[in-house]
Amino acid sequence: DLNMTHDGTNTIISNSTGNLTIINNADDKDISFKCDDGSGGITEYIVLDGSADRTLFYKDIRVTDSVEVQVGSSADLRILHDGTNSEIKNYTGAFYITQHLDDGDIILRSDDGSGGVTPYLTLDGGLGYMTAQQHLNFVDMKQLVLGTGNDLRIYHDSGDSVNYIESSTSDMDIKIKVNDGGSTITAMSID
């Protein structure tokens, strides 16, 4: 059932029944997979680290087109590239992107129209708010909603070509203020 052969060029380990199991019973020891390093030497590619209780990869991992990287016992998180597009898909619970570095940012970048990439939206951990490095375009009837109770809405109605500023509170106080060298001047107020 188990054969080890060398055909003059290649060495083959072949199992014909049941599972093929490789076990290292030595306490806190590893199983190491080494191969040619592309420069005439030998290097480590994968280590099953018995002392750290983890698998270590020392070289890039390439998953071919249309093969998912699946994470979770039920494959709840999936990463896929189909040869044209890339997707990250979540099938259960909330989907979090978390930056733990103190004052670190989360930056969404995309093509800049000139062959490079540029930031579009930054969650700035140092400043404590989001900044937009490119224009935000709300299509017709999609609202910019402000306030915990969705109290202020700003939107454009394409049918009537009208711009709306709506408040759901009993009073709407609109003030336009100008910063004049450190002091704030109320230029106009509508109650």
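**Exercise 1.** In this predicted model, in what order do the three strands of the open sheet stand, and which strands are at its edges?

*Solution.* 
Step 1. Read the order: the open sheet runs β3-β4-β5.
Step 2. Check the pairing. The strands pair in antiparallel fashion.
Step 3. Find the edges. β3 (31–36) and β5 (54–57) each have a single partner strand, so one side of each lacks a neighbour in the sheet.

**Exercise 2.** How many bridges join β4 to β5? Which residue of β5 stands opposite Ile 46, and which is the bridge partner of Leu 48?

*Solution.* 
Step 1. Locate β4 at residues 42–49.
Step 2. Count the bridges. Four of them link β4 to β5, and the two strands run antiparallel.
Step 3. Ile 46 faces Phe 57 in β5. Leu 48 has Thr 55 as its bridge partner there.
Step 4. Look at the turn. Four residues lie between the strands of the β4 and β5 hairpin. In this hairpin, Asp 53 takes a positive phi near 60 degrees.

**Exercise 3.** Is Thr 118 buried or exposed, and which residues does Thr 118 touch?

*Solution.* 
Step 1. Thr 118 belongs to strand β10, residues 117–124.
Step 2. Apply the cut-off. Buried means under 20% relative accessible area. Thr 118 has 19% relative accessibility, so Thr 118 counts as buried.
Step 3. List the contacts, leaving out residues up to four places away in sequence. Thr 118 touches Leu 108, Arg 109, Ser 110, Asp 111, Asp 112 and Gln 134.

Definitions and conventions: Residues numbered from 1 in each chain as written. Predicted model: local features only at pLDDT ≥ 70, side-chain atom pairs only at ≥ 80, totals over all residues. Heavy atoms only, no water. Pairing = 2+ DSSP bridges. Buried < 20%, exposed > 50% of the residue type's maximum accessible area, 1.4 Å probe, protein only. Contact = heavy atoms within 4.5 Å.
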